[in-house]
Amino acid sequence: MKILNYIYDIIEKRGAGYFILIDPDKIPFEEAGRFVKICEESDVDAFLIGDSLTMNGGFDKYIIEIKKNTSKPVIVFPGAVTQVSASADAVFFLSVVSGRNPEHLIGKHVLAAPMIKNVGLEPIPVAYMLIESGSVTTALYMSGSQPVPRNKPEIAAATALAAEYLGMKLIYLEAGSGADNTTPNEMVKVVSDYCSIPVIVGGGIKTPECAKEKVDNGAKIIVTGNFFEDKKNWSLIKDFAAAIHKN
Ligand code: 1GP
């Protein structure tokens, strides 16, 4: 519970937290250390590491490199069971509750659970909800499922509440990496108001203003990934952090 409690603490103390998602295929190994140092100096609260494919391999080595360069939690955001790394601090134990594909609701979990136990990684149960965002994102395609229609916040709220009743600790409203459209503010608000567990929002967020809108509508954690795959944007990380943190 160490990392989950850290997440709850950040939300309590700062109003909302800012996590950066690092895709090892997109931020080269040689630049990963410098990137996380800049993120930490820019007031980022934690890192999510993962991708859908791991085309370059060496996931564990990549996590070790990140850990060497930051004191912030490093959480696996798995796209596959092969991404269980003993070197991370925790793993988001994601269940794609927006879909009806049993492999992503429980199947992969049966394979991953003993691996997680064996390496002593903290599993954090997360209800992963894919939200329609204008095109077929990688997460959506890989999950083999349908997203929640973006104009149906009530479906999102009912799904999130069911996940909360099943014991999940966090809700993740995911528009998909590089999404054309972010999760609608109204949906963020309806889900946040309806559930009592924290709501994470990610996918397609490219400005501090957009991040702040999600927080103003009840999001407790904002995740950005894609935008900082371009080094030119690294100087803006602190602006996102300032917009997201209330304290
Ligand atoms: C994707 O929600 C994350 O899983 C972050 O999305 O890469 O679009 O910022 P972006």
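**Legends to close-up views of the predicted model**

View 1. A salt bridge joins Glu-65 to Lys-68, and their closest N and O atoms are 3.3 Å apart. The structure shown in this and the following views is a predicted model. Both residues belong to helix H3 (residues 59-68), where a spacing of 3 residues separates them by about one helical turn. An α-helix has 3.6 residues a turn, so residues three or four places apart point the same way.

**View 2. The salt bridge between Lys-67 and Asp-89.** The side chains of Lys-67 and Asp-89 form a salt bridge with an N to O distance of 2.9 Å. This pair links distant parts of the chain, 22 residues apart: Lys-67 lies in helix H3, and Asp-89 lies in the loop between strand E3 (74-76) and E4. Lys-67 is partly exposed, at 29% relative accessibility. Asp-89 is also partly exposed, and its relative accessible area is 22%.

View 3. Asp-193 pairs with Lys-189 in a salt bridge whose closest N and O atoms are 2.9 Å apart. The two residues lie in helix H7 (residues 185-194) at a spacing of 4 residues, about one turn of the helix. Asp-193 is exposed, having a relative accessible area of 55%, while Lys-189 is partly exposed at 39% relative accessibility.

**View 4. The buried side of helix H8.** Helix H8 spans residues 208-216, and its buried residues are Pro-208, Cys-210, Ala-211, Lys-214 and Val-215. These residues lie on the same side of H8 because they cover an arc of only 165 degrees around the axis. They pack against H7, strand E7 (199-202), E8 and helix H9 (237-244). The exposed residues Glu-209 and Asp-216 are carried on the face of H8 turned away from its buried side. Just after H8, Gly-218 adopts a positive phi of about 115 degrees.

**View 5. The lining of the largest pocket.** The largest pocket holds about 1000 Å³ of space. Its lining comprises 48 residues, of which Asp-51, Ser-52, Pro-78, Gly-79 and Tyr-128 are the closest to its centre. Two or more lining residues come from each of strand E4 (90-96), helix H4 (102-119), strand E5 (122-130), helix H5 (138-143), strand E6 (170-174) and strand E8 (221-224). By class, the lining of this pocket consists of 22 nonpolar, 18 polar and 8 charged residues.

**View 6. Asp-230 in the loop between E8 and H9.** Asp-230 is located in the loop that lies between E8 and H9. Asp-230 is partly exposed, with a relative accessible area of 31%. The C-alpha atoms of Asp-230 and Val-119 are 33 Å apart in space, and the two residues are 111 residues apart in sequence.

How values were computed. Residues are numbered from 1 along each chain as its sequence is written. This is a predicted model: local features need pLDDT of at least 70, side-chain atom pairs count only at pLDDT 80 or more; totals for chains, interfaces and linings use all residues. Side-chain values use heavy atoms; hydrogens and water are left out. On a 1 Å grid over the protein atoms alone, a cavity is a set of points where a 1.4 Å probe fits but cannot get out, and a pocket is an open set with protein on both sides within 12 Å along at least five of seven lines; lining residues have an atom within 4 Å of a point. Grid points are joined across faces, edges and corners, and a volume is the space filled by probe spheres set on the points. Ala, Val, Leu, Ile, Met, Phe, Trp, Tyr, Cys and Pro count as nonpolar, Asp, Glu, Lys and Arg as charged, and the others, Gly among them, as polar. A salt bridge is a side-chain nitrogen of Lys or Arg within 4 Å of a carboxyl oxygen of Asp or Glu. Buried means under 20% relative accessible area, exposed over 50%, partly exposed in between (1.4 Å probe, protein chains only). The arc is that of the directions from the helix axis to the C-beta atoms. Contact means heavy atoms within 4.5 Å.
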